[in-house]
Amino acid sequence: MRGTWLLYRKEMLEMSRSFKLLWIPIVFTILGIMQPVVSVYMPDILKMSSGVPEEMFALYELPSPPVVMVQVLSQYSTLGILVLVLAGMNSVSGERYGGTAELIMVRPISTISIILSKWFAQCTALFMAFGIGYMAAYYYIYQMIGELSWKSGIISFGLYGLWLLLGITITLFFSTILRGGAAAFVTLAILAILSLLNAILPRWFSWSPSRLISLATESLTGNGLSASTAIECCLFTVGIIILAILSSSHLLQRRGLPN
């Protein structure tokens with residue numbers, strides 16, 4: 001554990017020097033704030049656009065607080081996950097192909113300590129960014145639109161946070177065997193396929209980790225969140241995360257360093 005802790009501090013130092021601990025939370029905060037602000041000022045934005053018929057202003061209704069929070073999560077499903085994947089795509093491959101890993105792996109430190117330190121550092125950045133962005137969105141929705149249940153907000157935060165955690169874990173896994181760009185592409189493709197299959201065949205893929213997105217939405221809108229389905233999805237997702245971490249450590253040990 002001492003080796004993991006030392007490497008974790010190194011990862012956090014690198015993240016602070018590359019400003020990842022600054023710009024990732026800023027992006028998530030902007031995404032969180034933008035949606036309630038746009039929802040409230042949409043009529044004014046439409047008035048500033050030329051050619052918009054007057055009937056549209058009469059038809060526009062301000063979305064309810066849960067609906068706006070769902071829209072915020074939708075922003076995190078696209079731009080948010082893209083930012084996290086791009087930020088973590090070189091976490092292992094960058095050191096393998098850059099030569100830094102050679103200096104670390106000659107020391108008596110296990111590969112599981114290396115992978116865990118990187119995973120914990122990515123988790124820290126994730127929950128710092130997602131936590132700040134989510135709280136900012138919650139505050140603006142509360143101030144500008146209306147009250148939102150804190151209990152459903154916490155459940156939604158946990159379910160959606162687990163989905164994002166799966167995203168950075170898959171990125172870490174593919175970063176062990178591929179270069180950064182390829183790792184990001186494969187990760188985004190897998191997440192998109194999982195989301196698409198859940199949208200097309202929700203009954204067949206009720207166990208899928210992508211079901212966490214719709215469960216987070218259902219907890220906000222109060223559309224009968226199924227506790228058994230939520231537990232099943234959470235356990236399955238945690239299992240994939242543990243398997244991906246162990247596989248990453250095994251692959252890093254077997255593949256060694258590139259020439």
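On a 1 Å grid laid over the protein atoms alone, a pocket is an open set of points with protein on both sides within 12 Å along at least five of seven lines, whereas a cavity is a set of points where a 1.4 Å probe fits but cannot get out; lining residues have an atom within 4 Å of a point. The structure examined here is a predicted model, in which local features need pLDDT of at least 70 and side-chain atom pairs count only at pLDDT 80 or more, while totals for chains, interfaces and linings use all residues. Residues are numbered from 1 along each chain as its sequence is written, and side-chain values use heavy atoms, with hydrogens and water left out.

The protein chain has eleven helices and zero strands, where helices (H or I, at least four residues) and strands (E, at least two) are DSSP runs numbered from the N terminus. Taken along the principal axes, its C-alpha atoms fill a box of roughly 70 × 40 × 30 Å.

Two packed helices are described by the angle between their axes and the distance between the axes. The axes of helix α2 (residues 20-48) and helix α4 (residues 65-88) come within 9 Å and cross at roughly 155°; axes are lines fitted to C-alpha atoms, for helices over the stretch in contact, and angles run from 0 to 180 degrees between N-to-C directions. α2 and α4 are therefore roughly antiparallel to each other, a label given to angles over 145 degrees. Contact, meaning heavy atoms within 4.5 Å, involves residues including Trp23, Phe28 and Leu31 of α2 and Val72, Tyr76 and Leu79 of α4. The residues of this contact divide into 13 nonpolar, six polar and one charged, where Ala, Val, Leu, Ile, Met, Phe, Trp, Tyr, Cys and Pro count as nonpolar, Asp, Glu, Lys and Arg as charged, and the others, Gly among them, as polar.

The largest pocket has a volume of about 160 Å³, a volume being the space filled by probe spheres set on the points, which are joined across faces, edges and corners. The lining of this pocket includes Glu11, Glu14, Met15 and Lys20, and its largest share, three residues, comes from helix α1 (residues 2-17). By class, this lining has one nonpolar, four polar and four charged residues.

A search of the whole structure also finds two cavities of 30 Å³ or more. The second largest cavity, with a volume of about 40 Å³, is lined by Met15, Lys20, Ile24, Leu84, Ala87, Gln122 and Ala125. Its lining has five nonpolar, one polar and one charged residues.

Technical notes: Parallel < 35°, antiparallel > 145°, perpendicular 65-115°, else oblique.
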